[in-house]
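Visitor: I have a structure open and a few questions about how it is put together. Can we go through it?

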Amino acid sequence: MTIISTAGLARTFRSRRGPVEAVRGIDLAVREGEILGFLGPNGAGKTTTLRMLTTLLAPTGGTATVAGHDLAADPAGVRRACGYVAQSGGVDPQITVREELVTQGRLYRLTRARAAERAEELARELDLTGLLDRRCAALSGGQRRRLDIAMALTHRPGVLFLDEPTTGLDPGSRADLWDLVRRLRDEHGTTVFLTTHYLDEADALADRLVVVDRGVVAAEGTPGALKLAYGGSLDASLQDTFLAITGRGPAPADAAPVAV
Amino acid sequence: MLLHDTALIYGRYMRQSLRSRFALLFGVLTPLLYLLFFGPLLTGLPLGGRGDSWQVLVPGLLLQLALFGASFAGFMIILEKDQGIVERMRVTPVSRLALLLGRVLREATVFVLQAVLLVLAAVAMGLRAPLPGVLIGFGFVALLTVALASLSYALAMRVRTPQEFGPTVNALTVPSMLLSGLMLPMTLGPAWLDVLSHLMPFRHLVDAVRDAYVGSYATAHVLYGALVAVGLAVLAVTVGTRVFRTAGA
């Protein structure tokens, strides 16, 4: 069953030098319970697409539905159905982990008691139990990322959008995060829409890949199918496959890719 | 739902303010300095209005407190944008109006608390004003704070850095203060300056509070001041909410 679908989704920005077509018409069909890797070189339109699908940015063309809610007609329904983890995170360093989790639950209309209970549940699930009463500033990079994800899971969304979730993490924390993403899919049936610069991450995690370039979908399929079609064999690297599709390398990440 | 959401956002930011009590006290420092070192200079001077010099100066200082404090409220949201907090809140189902109102009502609470401190200090220095007039003054401070903080947040959502934000706000607030007669009544100046100052919305607010401080409530100044304050607040909240809805677009 399709949980995210877009048809001709487009976004044009106005600038002093004229219109800039960041996304020129993207057609997507993301199946419920899959991990979708959304890849592309710098400026390909990944972040713009993600921001449109999470209601942060209004499309200038096309249509989209997320978990049955039309993006234009029912943005509040989309917000209730999805969780979003931005690359920069989104927690206040001066506030405790517990307070952030409880407030986030309340923003999703949980009662105070239920929000407190949910904070404990999430802390157990994401290995944050001993950190609940610490200020967010005192967390390590990996702990902070797990908290970001916990915040996005407060309301048990069916769809989770992750924007570069492992950028800047050490190899151990990356591996933990990959396990967590797989558990979300396997144990909760969560659909994960993931953008990443790390091709090894996309290869290891994603059930299916969509490669965008210059604002349109350039290729899509399972990692194996793409390697076969564009890299020549199943043994081809995703890096070579990506280059064959786009003619360019993936956008550089803040930190060098780390093999895990 | 709007009430629930607004109360949540208000509570979150109010707790943040209560954690930094020093900021609450330092915010009132500048008007206190004016009160201590400028107020005594005016004692006995003919200021052209009714009431004594304290009844002229204190209303101006109250609105100055709101003007400078609330206009710079947007600094915090620039920081929050960098930390991803604004986006995280914007992808929740919380009403966009509540995202703004919760924040600006916190500002209004903080500035009314600071205004209370200022008036208490002024009373110790010699201010005598009727209680209803003092309460009306607090009402104007609250409305002006809601209006200016909303506009400040709207501007902060649109700019990228504090370096863009600070000079823009300064360029707007300093002339506003000078042309509104916050420190001294504009009737003391030449006619052209008095006429020009009538174009400033804050002029009407300070005239209204000065009337209230001498116990005159049913005056044209109070009526115009109230209309300007409410109109400005409604307009600013509308603009601010729209920016919270469409930021990044």
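Visitor: How many bridges join β1 of chain A to β2(A), and are the strands parallel or antiparallel?
Guide: This is a predicted model. In it, strand β1 (residues 2-15) and β2(A) run antiparallel and are joined by 11 bridges. One pairing within β2(A) is R24(A), the bridge partner of A10(A).

Visitor: What order do the strands of that open sheet take?
Guide: The order is β2-β1-β4-β5 in chain A, four strands with antiparallel pairing. β2 (18-31) and β5 (69-70) are the edge strands, and each pairs on one side only.

Visitor: Which helix lies across β1, β2 and β4?
Guide: α1(A) does, running at about 115° to β1(A).

Visitor: Now the six-stranded sheet. What is the order there?
Guide: β6-β7-β8-β3-β9-β10, all of chain A, in an open sheet with mixed pairing. β6 (82-85) and β10 each have a single partner strand, so one side of each is left without a neighbour in the sheet. From one strand to the next, the twist averages 15°.

Visitor: What packs on it?
Guide: Helix α1 (residues 46-53) of chain A packs on this sheet, touching β3, β7, β8 (191-195) and β9. The direction of α1 makes about 150° with that of β7(A). Helix α5 (residues 141-153) of chain A also packs on the sheet, touching β6 and β7, and its direction makes about 160° with that of β6(A).

Visitor: In what sense do β6(A) and β7 pair?
Guide: They pair in the parallel sense, over four bridges, with β7 covering residues 159-163 of chain A. G83(A) stands opposite L160(A) in β7(A).

Visitor: And what about β9, which strands is it joined to?
Guide: Strand β3 (residues 35-39) and strand β9 (residues 208-213) of chain A run parallel, with four bridges between them. Five bridges join β9(A) to strand β10 (residues 216-221) of chain A, and that pair runs antiparallel.

Visitor: How many residues lie between β9(A) and β10(A) in the hairpin?
Guide: Two, and R214(A) in the turn has a positive phi of about 55°.

Visitor: Changing topic: how many residues of chain A are in contact with chain B?
Guide: 21 residues of chain A are in contact with 16 residues of chain B. On the chain A side, α2 (75-81) and α3 (97-107) each supply at least two residues. By class, that side has nine nonpolar, seven polar and five charged residues.

Visitor: Where does UniProt place the transmembrane regions of chain B?
Guide: An unreviewed UniProt entry places the feature "transmembrane region" at residues 22-42, 54-79, 108-127, 133-156, 168-193 and 222-244 of chain B.

Visitor: What does the model show for residues 133-156 and 222-244 of chain B?
Guide: Residues 133-156 of chain B are 100% helix and 0% strand, and their end C-alpha atoms are 34 Å apart. Residues 222-244 of chain B are also 100% helix and 0% strand, with the end C-alpha atoms 32 Å apart.

Visitor: Last one. What is the mean pLDDT of chain A?
Guide: The mean is 90, and 95% of the residues of chain A reach 70 or more. Over residues 253-260 of chain A the pLDDT is below 50, and this stretch has 15 contacts in the model beyond near neighbours in sequence. Where pLDDT is low, predicted coordinates should not be read in detail.

Notes: Residues are numbered from 1 along each chain as its sequence is written. Chains are lettered from A and ligands numbered from 1 in the order in which they are written. This is a predicted model: local features need pLDDT of at least 70, side-chain atom pairs count only at pLDDT 80 or more; totals for chains, interfaces and linings use all residues. pLDDT is the predictor's confidence in each residue, from 0 to 100. Two residues are in contact if their C-beta atoms, placed from the backbone, lie within 7 Å. UniProt positions are given in the numbering used here, feature names are shortened, and annotations may be inferred rather than shown by experiment. Ala, Val, Leu, Ile, Met, Phe, Trp, Tyr, Cys and Pro count as nonpolar, Asp, Glu, Lys and Arg as charged, and the others, Gly among them, as polar. Two strands pair if DSSP finds at least two bridges between them. Axes are lines fitted to C-alpha atoms, for helices over the stretch in contact, and angles run from 0 to 180 degrees between N-to-C directions.
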